[in-house]
Amino acid sequence: MSRSPVKKRSTKRASASGSSGDRAARAADRRQAIIEAAFETFIEQGYAATRLDDVAKRAAVAKGTIYLHFKDKHALFEELVRNAIVPVASRLAAPPPATGSIRAVLESFAANFVREVTSTRRGAIVRLVIAEGPRFPAIADFYYREVVSRGMAGMRALIELGIARGEIKQVGLKDFPQIVVAPAMVAVIWQGLFGRFAPLDVAAMLRVHLDLIFGEGSGE
(Lines give C-alpha, C1' and ligand atoms only; values in the text may rest on other atoms or scores of the structure.)
Protein backbone atom coordinates (compact mmCIF):
# COMPACT_ATOMS: atom_id res chain seq x y z
CA MET A 1 0.00 0.00 0.00
CA SER A 2 1.36 3.41 -0.89
CA ARG A 3 2.06 5.84 1.89
CA SER A 4 -0.49 8.51 2.61
CA PRO A 5 0.45 11.77 0.87
CA VAL A 6 -0.42 13.72 4.00
CA LYS A 7 1.93 16.51 4.95
CA LYS A 8 4.36 15.32 7.59
CA ARG A 9 5.14 17.48 10.55
CA SER A 10 8.50 17.01 12.18
CA THR A 11 8.47 17.09 15.97
CA LYS A 12 11.63 17.82 17.91
CA ARG A 13 11.93 16.02 21.20
CA ALA A 14 12.61 18.29 24.11
CA SER A 15 15.45 17.71 26.56
CA ALA A 16 14.95 15.61 29.66
CA SER A 17 14.18 18.73 31.64
CA GLY A 18 11.46 19.85 29.25
CA SER A 19 8.61 17.49 30.19
CA SER A 20 6.02 19.92 28.79
CA GLY A 21 7.88 19.88 25.49
CA ASP A 22 7.84 16.07 25.51
CA ARG A 23 4.09 16.05 26.07
CA ALA A 24 3.52 18.56 23.28
CA ALA A 25 5.66 16.49 20.90
CA ARG A 26 3.80 13.30 21.77
CA ALA A 27 0.48 15.05 21.28
CA ALA A 28 1.62 16.33 17.88
CA ASP A 29 2.68 12.81 16.91
CA ARG A 30 -0.70 11.40 17.94
CA ARG A 31 -2.52 14.13 16.03
CA GLN A 32 -0.55 13.38 12.89
CA ALA A 33 -1.16 9.65 13.31
CA ILE A 34 -4.88 10.35 13.50
CA ILE A 35 -4.81 12.45 10.32
CA GLU A 36 -2.89 9.74 8.44
CA ALA A 37 -5.25 7.04 9.68
CA ALA A 38 -8.22 9.17 8.65
CA PHE A 39 -6.75 9.56 5.18
CA GLU A 40 -6.62 5.81 4.64
CA THR A 41 -10.01 5.18 6.23
CA PHE A 42 -11.85 7.86 4.26
CA ILE A 43 -10.34 6.52 1.02
CA GLU A 44 -11.26 2.90 1.79
CA GLN A 45 -14.72 3.47 3.26
CA GLY A 46 -15.90 6.84 1.98
CA TYR A 47 -17.07 9.77 4.05
CA ALA A 48 -20.47 8.39 5.04
CA ALA A 49 -19.23 4.98 6.16
CA THR A 50 -16.14 6.18 8.03
CA ARG A 51 -16.47 5.95 11.80
CA LEU A 52 -14.15 7.55 14.29
CA ASP A 53 -13.84 4.14 15.96
CA ASP A 54 -12.23 2.85 12.76
CA VAL A 55 -9.86 5.81 12.62
CA ALA A 56 -8.90 5.37 16.27
CA LYS A 57 -8.17 1.67 15.77
CA ARG A 58 -6.01 2.39 12.74
CA ALA A 59 -4.13 5.16 14.54
CA ALA A 60 -3.69 2.95 17.63
CA VAL A 61 -5.28 5.54 19.92
CA ALA A 62 -8.40 5.64 22.06
CA LYS A 63 -11.45 7.15 20.42
CA GLY A 64 -11.47 9.82 23.09
CA THR A 65 -8.01 10.90 21.98
CA ILE A 66 -9.46 11.95 18.62
CA TYR A 67 -11.87 14.28 20.40
CA LEU A 68 -8.93 15.96 22.13
CA HIS A 69 -7.81 17.16 18.68
CA PHE A 70 -10.96 17.27 16.53
CA LYS A 71 -14.55 18.16 17.36
CA ASP A 72 -16.05 15.53 15.07
CA LYS A 73 -15.60 13.59 11.85
CA HIS A 74 -16.21 16.65 9.71
CA ALA A 75 -13.48 18.61 11.50
CA LEU A 76 -11.11 15.71 10.99
CA PHE A 77 -11.93 15.58 7.27
CA GLU A 78 -11.32 19.33 6.98
CA GLU A 79 -7.88 18.98 8.53
CA LEU A 80 -7.09 16.11 6.18
CA VAL A 81 -7.93 18.32 3.18
CA ARG A 82 -5.82 21.14 4.61
CA ASN A 83 -2.88 18.76 4.91
CA ALA A 84 -3.18 16.85 1.66
CA ILE A 85 -4.90 19.09 -0.89
CA VAL A 86 -4.76 22.77 0.07
CA PRO A 87 -0.96 23.08 -0.35
CA VAL A 88 -1.29 21.91 -3.97
CA ALA A 89 -4.06 24.42 -4.74
CA SER A 90 -2.20 27.20 -2.94
CA ARG A 91 0.60 27.04 -5.49
CA LEU A 92 -1.85 27.98 -8.20
CA ALA A 93 -3.24 30.78 -6.03
CA ALA A 94 0.20 32.40 -5.73
CA PRO A 95 0.61 35.83 -7.40
CA PRO A 96 1.24 35.65 -11.16
CA PRO A 97 4.92 35.91 -12.12
CA ALA A 98 6.26 39.26 -13.24
CA THR A 99 8.32 37.64 -15.99
CA GLY A 100 8.28 34.40 -17.93
CA SER A 101 5.52 32.89 -20.00
CA ILE A 102 2.11 32.00 -18.63
CA ARG A 103 2.28 28.71 -20.49
CA ALA A 104 5.43 27.81 -18.55
CA VAL A 105 3.59 28.51 -15.29
CA LEU A 106 0.68 26.30 -16.33
CA GLU A 107 3.04 23.57 -17.49
CA SER A 108 4.70 23.64 -14.08
CA PHE A 109 1.34 23.43 -12.34
CA ALA A 110 0.28 20.56 -14.62
CA ALA A 111 3.49 18.66 -13.81
CA ASN A 112 2.95 19.19 -10.09
CA PHE A 113 -0.67 18.06 -10.40
CA VAL A 114 0.36 14.85 -12.14
CA ARG A 115 3.08 14.19 -9.59
CA GLU A 116 1.14 15.13 -6.44
CA VAL A 117 -2.50 14.31 -7.24
CA THR A 118 -3.17 11.92 -10.12
CA SER A 119 -0.09 9.84 -9.29
CA THR A 120 -0.88 9.63 -5.56
CA ARG A 121 -3.83 8.80 -3.34
CA ARG A 122 -4.74 12.48 -3.10
CA GLY A 123 -6.82 11.87 -6.20
CA ALA A 124 -9.04 9.58 -4.14
CA ILE A 125 -9.90 12.46 -1.81
CA VAL A 126 -10.94 14.58 -4.80
CA ARG A 127 -13.12 11.72 -6.06
CA LEU A 128 -14.63 11.36 -2.58
CA VAL A 129 -15.70 15.01 -2.58
CA ILE A 130 -17.20 14.64 -6.06
CA ALA A 131 -19.07 11.46 -5.11
CA GLU A 132 -20.31 12.39 -1.64
CA GLY A 133 -20.40 16.18 -1.73
CA PRO A 134 -24.03 16.28 -2.93
CA ARG A 135 -25.09 14.16 0.07
CA PHE A 136 -22.92 16.07 2.52
CA PRO A 137 -22.99 19.75 1.48
CA ALA A 138 -20.73 20.74 4.36
CA ILE A 139 -17.75 18.92 2.87
CA ALA A 140 -18.47 20.37 -0.58
CA ASP A 141 -18.78 23.87 0.88
CA PHE A 142 -15.51 23.52 2.74
CA TYR A 143 -13.71 22.10 -0.29
CA TYR A 144 -14.99 24.95 -2.43
CA ARG A 145 -13.79 27.60 0.03
CA GLU A 146 -10.40 26.09 0.73
CA VAL A 147 -9.47 24.56 -2.62
CA VAL A 148 -11.71 25.42 -5.57
CA SER A 149 -12.20 29.15 -4.98
CA ARG A 150 -8.46 29.67 -4.42
CA GLY A 151 -7.54 27.67 -7.47
CA MET A 152 -10.08 29.46 -9.67
CA ALA A 153 -8.93 32.88 -8.49
CA GLY A 154 -5.33 32.01 -9.24
CA MET A 155 -6.22 30.55 -12.62
CA ARG A 156 -8.27 33.62 -13.57
CA ALA A 157 -5.35 35.89 -12.66
CA LEU A 158 -3.02 33.84 -14.86
CA ILE A 159 -5.46 33.90 -17.77
CA GLU A 160 -5.92 37.66 -17.52
CA LEU A 161 -2.16 38.16 -17.49
CA GLY A 162 -1.81 35.83 -20.47
CA ILE A 163 -4.40 37.87 -22.36
CA ALA A 164 -2.68 41.14 -21.45
CA ARG A 165 0.65 39.80 -22.70
CA GLY A 166 -0.89 38.50 -25.91
CA GLU A 167 -0.18 34.85 -25.12
CA ILE A 168 -3.87 33.94 -24.94
CA LYS A 169 -6.07 35.13 -27.81
CA GLN A 170 -9.44 33.93 -26.55
CA VAL A 171 -10.38 36.75 -24.17
CA GLY A 172 -13.57 35.00 -23.07
CA LEU A 173 -11.45 32.38 -21.33
CA LYS A 174 -11.04 34.72 -18.36
CA ASP A 175 -14.72 34.20 -17.53
CA PHE A 176 -14.39 30.43 -17.53
CA PRO A 177 -11.18 29.36 -15.79
CA GLN A 178 -12.90 26.02 -15.29
CA ILE A 179 -12.06 25.26 -18.92
CA VAL A 180 -8.35 25.37 -18.15
CA VAL A 181 -8.54 23.01 -15.17
CA ALA A 182 -11.22 20.69 -16.60
CA PRO A 183 -8.74 18.12 -18.01
CA ALA A 184 -7.13 17.81 -14.58
CA MET A 185 -10.49 16.84 -13.11
CA VAL A 186 -11.15 14.46 -16.00
CA ALA A 187 -7.79 12.84 -15.27
CA VAL A 188 -8.62 12.32 -11.59
CA ILE A 189 -11.99 10.78 -12.40
CA TRP A 190 -10.69 8.69 -15.30
CA GLN A 191 -7.75 7.25 -13.41
CA GLY A 192 -9.96 6.29 -10.48
CA LEU A 193 -12.69 4.65 -12.55
CA PHE A 194 -11.07 3.43 -15.75
CA GLY A 195 -7.33 3.64 -15.24
CA ARG A 196 -6.96 -0.10 -14.77
CA PHE A 197 -8.60 -0.68 -18.16
CA ALA A 198 -7.13 2.21 -20.14
CA PRO A 199 -4.39 4.12 -18.29
CA LEU A 200 -4.36 7.77 -19.25
CA ASP A 201 -1.18 9.64 -20.12
CA VAL A 202 -2.19 12.64 -18.07
CA ALA A 203 0.93 14.70 -18.78
CA ALA A 204 0.51 14.28 -22.54
CA MET A 205 -3.19 15.13 -22.37
CA LEU A 206 -2.49 18.31 -20.43
CA ARG A 207 0.16 19.36 -22.96
CA VAL A 208 -2.34 18.95 -25.81
CA HIS A 209 -4.87 20.97 -23.83
CA LEU A 210 -2.37 23.80 -23.39
CA ASP A 211 -1.61 23.65 -27.13
CA LEU A 212 -5.31 24.29 -27.76
CA ILE A 213 -5.42 27.20 -25.32
CA PHE A 214 -2.26 28.87 -26.59
CA GLY A 215 -2.86 28.09 -30.25
CA GLU A 216 0.19 25.91 -30.57
CA GLY A 217 0.93 22.38 -31.72
CA SER A 218 1.95 20.73 -34.94
CA GLY A 219 -1.57 20.36 -36.28
CA GLU A 220 -0.81 16.76 -37.24
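Start with the whole chain on screen: of the contacts (heavy atoms within 4.5 Å) between residues at least 6 apart in sequence, 68% join residues at least 24 apart. What you have open is a predicted model, where local features need pLDDT of at least 70, side-chain atom pairs count only at pLDDT 80 or more, and totals for chains, interfaces and linings use all residues. Residues are numbered from 1 along each chain as its sequence is written, and side-chain values use heavy atoms, with hydrogens and water left out.

Next, switch to cartoon view. You'll find ten helices and zero strands; helices here are DSSP runs of H or I, at least four residues, and strands are runs of E, at least two, numbered from the N terminus. The C-alpha atoms fill a box of roughly 65 × 40 × 30 Å along the principal axes.

Now select residues 19-49, which is helix α1. How far does α1 span between its end C-alpha atoms? The answer is only 39 Å, while a straight helix of 31 residues would span 45 Å at 1.5 Å a residue (the expected span is 1.5 Å times one less than the number of residues). Click on I43: a kink of about 80° in α1 is centred there. That bend is the angle between axes fitted to the seven residues ending at a residue and the seven starting there.

Stay in α1 and pick Q45. Leaving aside residues up to four places away in sequence, Q45 touches T50, R51 and D54.
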